[in-house]
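Good morning, and thank you for coming. Today I shall speak about charged side chains; please look at the structure as we go.

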Amino acid sequence: MSLFAIQDLKVRPDIVHEYPGPGVIPGTTAIVIDNGSYHCRAGWASQEEPLLCFKNVLAKPRKDRNKKDAEAAAVPTVQIGNDIVNIEAVRFQLRTQFDRNVVTHLHVQEQILDYLFERMGVDADGSVPHPVLLTECVTNPNYSRMLMAELMFECYGIPGLSYGVDSLFSYGLNSGVESGLVVSCGYHATHVIPILNGRMVPDKVRRINLGGFNMINFMFRLLQLKYPVHVNAITLSRAEAMIHSYCSFAYDYMEALKDWALLEYYDQNVTKIQLPYNQTVTAPVLTAEQRVEKRKELSRRLVEINLRKREEKHAQDKEMLASLEAADENLDDEENLNFVLQEFELKGVDDMRKTIVTLRDRIARTSQKMNAAQTVVQPVEEKPVLLQPPPNLTIDQWVVETRRKRDEILDKKQTRKQRRQDLAKRRTAAAQERMRIISQLAKKEKGNDDFGMRDEDWDVYKSISRDGDSDSEAENEKLLEYEEVLKQHDATYVEPSSAPGSNIAEFHQLHLGVEKIRVPEILFQPSIIGIQEAGLAGTIDYVLKLFPPELRPQLIANICLTGGCANIPGFRERLHREMQAMLPFQSSFNLSLAANPTLDGWKGAARFATTEQFRESLLTRQTYDECGGEYFKEHVASNFYYPTPSSSLVAAAAAAGSEVIN
């Protein structure tokens, strides 16, 4: 068992690179663009790493009508790739140029290409004077390719364009063998591509409409269903980070499920992820001794306050007595006598003498009280008394009985707490019953309000009053007594303040258990998420059976695994087990994982862009004008070119088909 902090994706905006960069020759060095449906990677063919790597999406925030135009201009109109610092804040405003893995929205593609060329620093009078090597999906439709070529030539004025398949570039970089099998696990689709004599066999390629996007969405839904209280804290970005950090393919899925069903295995292997939360400061829970000490302290403070007030009053009485006695001794001084009588609001000399007697008595009593209070008695430190059981019970029986009584009081307190919560809500049964009784009382005729005259009215009052739901002081005292007994005689007793689960952080944790193997498993069992297609192992078996038995050993001798999902641990080992199960006994096969399944597509394309074969495969502007946008030149890592039939040929084929049917 381990505890990890939640991982939030942090991106840095791409800088504008210097042009021309190291090893870049203007007009000659090719620009390599791996236009993936998840990440776009772009750079110069002469460099080992791409300059740019960003998510292939853009966000166009909605304009707030309440804000002025000057304030709205501070926010960029369109945010692309790494400019989107918080992708979850604009999740519902994201746009992509892809429909699955085929480019269909060219207006989005144009904005992303603008961003790409700008960040690469290409600045040559509104054009891009470099040949471009662009990746595309397997068997890309001619119409999509035509729109892309039109965008490249007409909008950016590039001198040449070449297309290639990213998984084939990765295969060429890692293998170099003319025959083999490529398993490409992408973001929206997974492809199984057979290769013979250096070229893929297009009619034997098979695609599974499942990839990393489905895994992320599956993890997202699983956690939201498992922790509905944290639904806002569980985002797609965090689900994606959990997959890459904690998930793995199970070598034997059914056996792994049996292991996860065991409590001991679960406790040892569960991954706990701490969500961010705000710690609420609560008043500390005081023990019985602390409460007694607090009362004593308050009593001492009260005594001190009263003593201070008594001293102030005593001083005032002495001062008043001295003034009155001086006036009584000098009755001849009428001016002073009248002033004293007026100051102390006295009616005459007799009233003044009565006040003098009263003040002397009060001062004497106050002096006695103050002298008694100054005699400090040192408190005797009381030793804690060890509570003893009744004569008819042993200590064990007494502990069991005390625990039972304590649980009964706690149950009553919880019941009253639940009732208070139910009465506070509108549609609960308790609140509806209370309103029913009140409505029955309100039906009485006017002038006949005799509620409370009968004894049974008290029962009605108790049923509708909320005062009866409060905890009594007697119960609280009993509870403290029972807890003191358990604290002294029960070794297993744990105080509520230190009980497990009292830590608020535990309520903001996600526990990843069987989800760590269940989410990646959809690649081999798509039926888990309701996709009615064959899994990866079944698709590979189907592709191999499309070839005669004498060609299959050439394919299985070199199986290359590439794509972003191939980075998940255990992928190669799991597929090795599936291959052993499907192939004949003692068949020889080889599984190899790409050195960098994510970047090898771009690196293979960059290496190809420095060869003579790339220059021969370039579609120039002249060829584009002559043959159209859907035309391209084939090479070892490209698709095959199949011209789109003309409308007359399509009509003739349709007529021939109808004649055959007739």
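Glu-612 and Arg-615 form a salt bridge, with their closest N and O atoms 3.1 Å apart. By salt bridge I mean a side-chain nitrogen of Lys or Arg within 4 Å of a carboxyl oxygen of Asp or Glu. This is a predicted model, in which local features need pLDDT of at least 70 and side-chain atom pairs count only at pLDDT 80 or more, while totals for chains, interfaces and linings use all residues. Residues are numbered from 1 along each chain as its sequence is written, and side-chain values use heavy atoms, with hydrogens and water left out.

Both partners lie in helix 21 (residues 612-617), 3 residues apart, about one turn of the helix. Helices (H or I, at least four residues) and strands (E, at least two) are DSSP runs, numbered from the N terminus. Glu-612 is partly exposed, with a relative accessible area of 45%. Here buried means under 20% relative accessible area, exposed over 50%, and partly exposed in between (1.4 Å probe, protein chains only).

Which parts does the pair of Arg-403 and Asp-490 tie together? Their side chains meet in a salt bridge of 2.6 Å, N to O. Arg-403 lies in helix 12 (residues 395-424) and Asp-490 in the loop between helix 15 (473-489) and strand 17 (509-512), so the pair ties together parts 87 residues apart in sequence. Asp-490 counts as buried because its relative accessibility is 12%.
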